Amino acid sequence: MYGIAIFGCGYVGLVSAACLAHLGHAVTCYDTDFTKIHTLQQGSVPFHEPGLENLVREQAAAGRLRFTARPDEALRDARLAFIAVGTPTGPTGEADLTYVRQAAREIATHASGALIVVNKSTVPVETADLVERIVRANGDPAFRFPVASNPEFLREGSAVGDFMHPDRIVIGASDAEAIDVLKEVYEPLGAPVHVVDVHTAEMIKYAANAFLATKISFINEVANLCAVVDADIDGVVAGIGADARIGRTYLEPGLGFGGSCLPKDVAALANVARAHAIEPTMLDATLSVNRRQVAAAVRNIEECMGDLCDRTVAVAGLAFKGGTDDIRESPSLTLVEALLTRGAQIRVHDAYAMRGARSRLRERVTYCRSVYDACDGADALAIANDDRAYTQLDWARVAAALSGNAVMDLRNRLDPAAVRRAGLTYRGVGRSPKRLVAS
Ligand SMILES: NC(=O)c1ccc[n+]([C@@H]2O[C@H](COP(=O)([O-])OP(=O)(O)OC[C@H]3O[C@@H](n4cnc5c(N)ncnc54)[C@H](O)[C@@H]3O)[C@@H](O)[C@H]2O)c1
């Protein structure tokens with residue numbers, strides 16, 4: 001079992017920390033956000049992630065998980081230091097590595113012995129080289145600081161389960177000791193381990209996210225086509241998804257991808273391509289289809305409701321996906337803003353993201369305690385993310401609350417027949433009305 005320091009207590013850092021503690025390691029987390037550290041020291045988790053708060057409390061009580069606002073304290077008995085800080089989009093689409101550089105400097109400056117530096121943040125190829133240069137320039141030359149890349153593939157909303165049951169572990173390193181130690185750390189998970197060089201590991205993460213984003217944009221384009229030629233996207237997804245070469249996952253038509261990863265990672269990879277004089281044709285197309293998807297949803301709503309000026313729309317699901325409070329790059333919020341510019345009145349609900357949404361939408365919308373409350377007097381209900389609770393609504397109650405009768409299923413998650421049985425009209429994304437009558 002190892003002493004592990006984790007730099008960054010966000011979705012990736014905190015989930016990794018709690019899970020590594022669960023595997024028996026002694027983990028200390030450091031974050032530059034003192035409020036976050038204070039909250040964690042009080043036994044609370046500063047964001048919503050299913051199962052995380054219990055795991056954090058359990059591991060803290062067992063003495064395997066600690067939080068500190070001092071980098072030297074985090075590194076005191078550490079054998080490994082994980083970097084799990086944010087890598088937001090910079091002004092021209094590039095990954096902003098400010099926090100990675102800062103963490104690397106802090107690790108080198110405060111290390112009290114040799115350390116394996118493991119980068120878990122999603123970063124462009126060659127960032128591990130940069131981290132290595134920073135660590136070498138700032139660290140005690142008496143200590144060895146091999147640098148490894150260990151990208152993370154967890155998804156918000158199912159992060160703990162994803163970390164504990166990964167499809168694969170990617171270890172990018174050239175240092176034999178770093179490879180052996182990381183293999184040992186992940187061994188209890190029983191997942192296949194891909195040992196590659198650091199550049200390849202960094203590229204694997206970007207390529208994985210770019211591919212997933214491309215699947216989403218592809219199926220959105222096909223769904224938009226289905227709508228105009230009166231074909232049914234569900235049938236298409238089932239028909240092509242059954243092909244083992246294609247697979248069903250991420251063939252999910254809707255409002256497009258959002259969140260803190262896919263949009264920024266595709267943009268960053270496109271930026272890397274441009275920096276090397278390669279035109280990122282596919283990546284640009286993926287982003288461009290995605291940008292159009294909210295406008296397509298607005299057109300869909302207008303086709304159903306007509307002029308939106310002074311009409312009231314209840315919007316359910318503000319986070320970029322269900323089960324999380326993360327509103328970063330949420331297409332739902334872009335949709336709300338687009339509807340507001342058309343003069344609509346908006347009543348919103350989200351199980352976890354109301355506070356975050358308020359920081360962006362301010363007093364321009366009405367915040368409601370439940371979907372039924374949001375529907376009260378509204379002309380239509382738009383389901384804007386894939387929160388499972390929205391698939392199990394009491395449609396008779398929705399119908400009673402609405403003053404109109406339109407349900408816009410912007411993620412194709414509802415059972416159209418159940419909605420229609422309550423006397424409501426149903427409209428999805430590329431779902432054929434012909435098939436819906438039959439179902
Ligand atoms: N969120 C996801 O689903 C996900 C999945 C896989 C990979 N990633 C990648 O992992 C990285 C982290 O993502 P996240 O969603 O956890 O970010 P986040 O914004 O939730 O958390 C980042 C944390 O790092 C802290 N931080 C910044 N500089 C620091 C420093 N010098 N030392 C210590 N802490 C510092 C911030 O205060 C913040 O708490 C990103 O590169 C992201 O692309 C994210």
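Helix axes are lines fitted to C-alpha atoms over the stretch in contact, and the angles between them run from 0 to 180 degrees between N-to-C directions. The model shown in these views is predicted, with local features needing pLDDT of at least 70, side-chain atom pairs counting only at pLDDT 80 or more, and totals for chains, interfaces and linings using all residues. Residues are numbered from 1 along each chain as its sequence is written.

**View 1. The packing of helix H1 against helix H3.** Helices (H or I, at least four residues) and strands (E, at least two) are DSSP runs numbered from the N terminus. H1 and H3 (residues 52-61) pack at an angle of about 50°, with their axes 9 Å apart. The two are therefore oblique to each other, given that angles under 35 degrees count as roughly parallel, over 145 as roughly antiparallel, 65 to 115 as roughly perpendicular and the rest as oblique. Leu14, Val15, Ala18, Ala21 and His22 of H1 meet Leu52, Leu55, Val56 and Gln59 of H3, where contact requires C-beta atoms, placed from the backbone, to lie within 7 Å. By class, this contact of H1 with H3 has seven nonpolar, two polar and no charged residues; Ala, Val, Leu, Ile, Met, Phe, Trp, Tyr, Cys and Pro count as nonpolar, Asp, Glu, Lys and Arg as charged, and the others, Gly among them, as polar.

View 2. Of the 28 residues around the ligand, Gly8, Gly10, Val12, Ser121 and Thr122 come nearest, a residue being near if its C-beta atom, placed from the backbone, lies within 6 Å. Helix H1 (11-22) and helix H5 (98-110) are the elements that give two or more residues to this shell, and H5 provides the largest share, four residues. The shell around the ligand has 11 nonpolar, 10 polar and seven charged residues.

View 3. The protein chain is divided into domain 1 (3-196) and domain 2 (212-438), with bounds that come from an automatic or database domain assignment. Their contact takes 15 residues from domain 1 and 16 residues from domain 2. On the side of domain 1 that touches domain 2, the residues divide into six nonpolar, six polar and three charged.

**View 4. The pairing of helix H11 with helix H12.** The axes of H11 (residues 262-275) and H12 (residues 281-305) come within 9 Å and cross at roughly 150°, which makes H11 roughly antiparallel to H12. Val266, Ala267, Leu269, Ala270 and Ala273 of H11 form the contact with Leu283, Asp284, Thr286 and Leu287 of H12.

Note on methods. Two residues are in contact if their C-beta atoms, placed from the backbone, lie within 7 Å.
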